[in-house]
Amino acid sequence: MNKRILLGVTGGIAIYKTLDLISRLKKRNVHVDVIMTRHAMEFVTPLTFETMARAKVHTDGFDRENPEAVEHIQLAKDADVFLIAPATANCMAKLAHGIADDLLSTTALAATCPLMLAPAMNTKMLKHPATQKNMQILAERGAQFIASGQGFLACNEIGEGRMAEPVEILQALRDHFTKKDLQGLRLIVTAGGTRESLDPVRYLTNHSSGKMGWHLAHRALLRGAEVIFITAASLPALKGAKTVRVHTTMEMLAAVQEHFADADGLLMAAAPSDYRPAVVREQKIKKSDDTMTVEFVRNPDILKTVTKDKTHQFVVAFAAETENLTAYAAKKRQEKKADLIVANDVTQEGAGFATDTNIATLIDENGEVALPKMRKAALADRILTRVLQGKNASL
Ligand code: PMT
């Protein structure tokens, strides 16, 4: 990250994590300017921060060594991001109402760069209507919050309000600086295994957790795309995406059809069921014989249905295979009129269902590229870059 971060440090016990964060930022060659409030200096001395940040720490008072510089204006001007960690309730209250009574709050008023806040406080303080309102005001003004988590708090209570961990803050910064190269593209991403009901109690599904689709949608959003996320899995909400929750293949088909014409791309990471019970019983099926037979009927193929009307869309199919990986996948790509197919052998360790990693081979009209095992987020980026190349090539 070739960036300059202005780090505001307010008085909270979570300050010890901020030192770890600085150490991680310095390892990545990030320039860190630190402003400490008076209360922050009660917890840790500026010397500790100066040593970690390898730069002068700014505190209240006038810089007599450099009288020409207007410190708060210069700091605000230089920064790519103003991050406040920990951000106390008091600090957020001041920022929400434009109070400028120390170097940190004065600089916040002068700063035009994005503001990121990592709140840290006791649960009751966090939940207090005044704090919630102040956070809402700041969010509406564009501030980005790095949510605090649950845990053991300094006040000897267990609850919400623990400052996010340094790795989470680092990730939030990384996400913030991600290049918005997919801006202007509207992408449909599907995820999860569909569920086909037998009766009001039981359903048939498969092992897809929806993770692959979720990472595709998440990375696409971070890279500036407009995302329509059609999911059959219960996964954390994706802020900024239009999320459509579905259960069955028929519902997924309807949702994809609704958005396909206006989309620039379709990424079918979902595992829709190919069959559904011929009849969905209205009442719970009762045990009777030792064996039971259920009749299934074919579900429509979502990809085949929508690619009949394919015009400008870049279509990515996935192939979950257990044998003859690339041969089966290449055949599916052609049959389903996909531009690219991502083949994964779901029997391989670290690939396929429910894992955080995947091992994939990308197959398109030019041939195939076997990728090593990588995190699903990283694979999502590879696929999205290929989508972008495809879109650019067709311009
Ligand atoms: O969700 P995870 O736990 O992270 O696991 C990821 C994954 C293994 C599910 C994912 O990487 C994957 O391979 N998804 C496709 C699963 C699948 O249904 O494969 P398939 O070979 O049966 O289908 C081929 C393609 O046709 C897929 O893009 C599928 O979405 C699509 N399809 C399938 C059936 C159907 N009725 N309509 C379709 O459009």
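**Entry 1: ground rules.** I am working with a predicted model, where local features need pLDDT of at least 70, side-chain atom pairs count only at pLDDT 80 or more, and totals for chains, interfaces and linings use all residues. Residues are numbered from 1 along each chain as its sequence is written, and side-chain values use heavy atoms, with hydrogens and water left out.

**Entry 2: the sheet.** I looked up the strand order first. An open sheet of 8 strands runs E13-E12-E9-E14-E17-E18-E20-E21, with mixed pairing. Strands (E, at least two residues) and helices (H or I, at least four) are DSSP runs, numbered from the N terminus. Two strands pair if DSSP finds at least two bridges between them. E13 (242-245) and E21 (367-370) are the edge strands, each pairing on one side only. From one strand to the next, the twist averages 15 degrees. Angles run from 0 to 180 degrees between N-to-C directions, using axes fitted to C-alpha atoms, for helices over the stretch in contact.

**Entry 3: strand E18.** Which strands pair with E18, and in what sense? I found E17 parallel to E18 over 6 bridges. E20 pairs with E18 in the antiparallel sense over 5 bridges. Ala317 has Ile341 of E18 as its bridge partner, and Phe318 has Val342. Asn344 is bridged to Ala360 in E20.

Next I checked burial (buried is under 20% relative accessible area, exposed over 50%, partly exposed in between; 1.4 Å probe, protein chains only). E18 is largely enclosed by the rest of the structure, because 6 of its 6 residues are buried. Leu340, Val342 and Asn344 are on one side, with Ile341, Ala343 and Asp345 on the other.

**Entry 4: helices on the sheet.** I noted H10 lying across E9, E12, E14 (265-268) and E17, at about 160 degrees to E9. H13 packs on the sheet and touches E17, E18, E20 and E21. The direction of H13 makes about 150 degrees with that of E18.

**Entry 5: the core.** A nonpolar core is a set of buried Ala, Val, Leu, Ile, Met, Phe, Trp, Tyr and Cys residues joined through side-chain atoms within 4.5 Å. The largest has 35 residues; Leu187, Leu216, Val227, Phe229, Leu267, Val316 and Ile383 touch the most other members. Among the elements that each supply at least two residues are H10 (211-222), E18 (340-345) and H14 (376-393).

What does Ile383 contact, leaving aside neighbours within four places in sequence? I listed Met212, Leu216, Leu267, Val316, Phe318, Leu340, Val342 and Leu362. Contact means heavy atoms within 4.5 Å.
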